[in-house]
Amino acid sequence: MEFRSFMQQALAEARAAAKRGEVPVGAVVVSPDGRVVASAGNRTRELGDPTAHAEILAMRDACAQIGSERLPGYDLYVTLEPCPMCASAISQARIARLYYGAADPKSGGVAQGPRIFAHPQSHHVPEIYDGIGAAEAEALLKDFFAARR
Ligand SMILES: [Zn+2]
């Protein structure tokens, strides 16, 4: 199935992020006609930028390519539940569908915490599909943090 392979690509970005010493999270932006237009992993440490989350970097790249601040009809695949910052950006970008893997009880902002998309100030709410490739995404995060202890 297609959504499976897009999540596999996001997981590959997460693995690459772990190799760079970044928290292993990866994201992929898919165009309305089903092409991967951008993919990224976390680069907060490398760029010295607290906003350099995988989702932000992938959406920024996709926006630059189409020359727009919005990505209507585009889908975002991310290995971990987006944080409140990324969830807000996803709403601003008018992403059509959000597919994510592992739940993030610590920093997630979609199904827990501030639940950005359930907030009345959220002007655009994507369709949300969670738990896709969750086991793999969780294992990556667990290994990463276990190795740093
Ligand atoms: Zn984030």
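Guide: Start with handedness. A crossover is right-handed if, with the strands pointing away from the viewer, the path from the first strand over the helix to the second runs clockwise. Helices (H or I, at least four residues) and strands (E, at least two) are DSSP runs, numbered from the N terminus. This is a predicted model, where local features need pLDDT of at least 70, side-chain atom pairs count only at pLDDT 80 or more, and totals for chains, interfaces and linings use all residues. Residues are numbered from 1 along each chain as its sequence is written.

Visitor: Which elements make the right-handed β-α-β unit?
Guide: Strand β3 (residues 75-80), helix α4 (residues 84-92) and β4 make it.

Visitor: What makes β3 and β4 a pair?
Guide: Two strands pair if DSSP finds at least two bridges between them. β3 and β4 have 5 bridges, in the parallel sense. D75 has R97 of β4 as its bridge partner. On that count, they pair.

Visitor: How many bridges join β4 to strand β5 (residues 127-129)?
Guide: There are 3, and the two strands run parallel. Y99 stands opposite Y129 in β5.

Visitor: Why is β4 called largely enclosed?
Guide: A residue is buried if 20 or more other C-beta atoms lie within 10 Å of its own, exposed if 12 or fewer, and partly exposed in between, with C-beta atoms placed from the backbone. In β4 (residues 97-102), 5 of the 6 residues are buried, so the rest of the structure largely encloses the strand.

Visitor: Is L47 buried or exposed?
Guide: L47 has 12 other C-beta atoms within 10 Å, so it is exposed. L47 lies in helix α2 (residues 44-47).

Visitor: Where do the buried residues of α4 sit around its axis?
Guide: Those buried residues are C86, A87, A89 and I90. They cover an arc of only 160 degrees, which puts them on the same side of α4. The arc is that of the directions from the helix axis to the C-beta atoms. An α-helix has 3.6 residues a turn, so residues three or four places apart point the same way.

Visitor: What covers the buried residues of α4?
Guide: The cover includes α3, β3 and β4. Contact means C-beta atoms, placed from the backbone, within 7 Å.

Visitor: How do you know that the span of α3 agrees with its length?
Guide: The expected span is 1.5 Å times one less than the number of residues. Helix α3 (residues 54-66) has 13 residues, so it should span 18 Å; its end C-alpha atoms are 19 Å apart, which agrees. Just after α3, G67 takes a positive phi of about 65 degrees.

Technical notes:
Two residues are in contact if their C-beta atoms, placed from the backbone, lie within 7 Å.
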